[in-house]
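The following paragraphs lead through one part of a predicted model. Please consider the sequence and the coordinates together while reading.

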Amino acid sequence: VRDLGLARTLRQILPELPLYAPMEMDVHDIGGVLALHALGYSRVCLAPETDFAAAAAIARQSPVPVGVQLQGELCVARPGHCRLAEAMGESGDGACPKPCRRDLSLGGRMDSFPLSVRDRCLLENLDRLAEAGVAVGLLGRIDTPPEQLALGCRLARDFLRDGKRPTAQDLDQLESAFSRYGFAEGGFFGKEDPQESLSAAP
């Protein structure tokens, strides 16, 4: 529930209903988590721009489980707040028309896909996240293909339940089922190399 008015109404009508704050709510710090907790939220997914150090610091102080995006498309703007998507008549949320994934070459005067970013995949780092206290993982978005969700959930389950780390073959299978751009960490662990997150592929 990303609408705070709806969240307040739900707390009054269905006080036992668990409320989950998605990454589109732009929570970047412990203040945002505490504010949502006071409104009755029981889980908070941090904004995808939040890096590992910040997520770990927030998790140590949070009264509720906090999470990060483990796998899925990265937004070149801010998820749910993309002005390009709004200009195309969409909200930029789950129904985003993905203007950043379009050919913007302007007739060959610039790179064909300058705003297209790789897809995030942190499934190889579940142990680091667990040790840091990050308790929730987001797999995909609203429009994520079911094949991607099934594979991602299986890899996460096998790791968390049996300690089985994803193999290169597992990740290749996941990439072939979903990613058109290749996987990256998207700067989550502090890497600043733009080639690690940017892609010229359509």
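In which sense do S3 and S5 pair, and over how many bridges? The two strands pair in the parallel sense, over four bridges. Within this pairing, Val-68 stands opposite Gly-137 of S5. S3 also pairs in the parallel sense with strand S2 (residues 41–45), here over two bridges, and Val-66 of S3 is the bridge partner of Val-44. Strand S4 (residues 119–121) runs antiparallel to S3 and is joined to it by three bridges; Asp-119 in S4 is the bridge partner of Glu-73. S3 is mostly covered, with eight of its eight residues buried.

S3 (66–73) is also among the elements that cover the buried residues of helix H6, together with helix H5 (126–131), strand S5 (136–139) and helix H7 (168–177). H6 comprises the 17 residues 146–162, which should span 24 Å at 1.5 Å a residue; its end C-alpha atoms lie 23 Å apart, in agreement with that expectation.

Which residues of H6 are buried? They are Gln-148, Leu-151, Gly-152, Leu-155, Ala-156, Asp-158 and Phe-159. Viewed down the axis of H6, these buried residues fall within an arc of 160°, and they therefore line one face of the helix. An α-helix has 3.6 residues a turn, so residues three or four places apart point the same way. On the other side of H6, Pro-146, Leu-160, Arg-161 and Asp-162 are exposed. Just after the helix H6, Gly-163 adopts a positive phi of about 75°.

Terms used:
Residues are numbered from 1 along each chain as its sequence is written. This is a predicted model: local features need pLDDT of at least 70, side-chain atom pairs count only at pLDDT 80 or more; totals for chains, interfaces and linings use all residues. Side-chain values use heavy atoms; hydrogens and water are left out. The expected span of a helix is 1.5 Å times one less than its number of residues. Buried means under 20% relative accessible area, exposed over 50%, partly exposed in between (1.4 Å probe, protein chains only). The arc is that of the directions from the helix axis to the C-beta atoms. Contact means heavy atoms within 4.5 Å. Two strands pair if DSSP finds at least two bridges between them.
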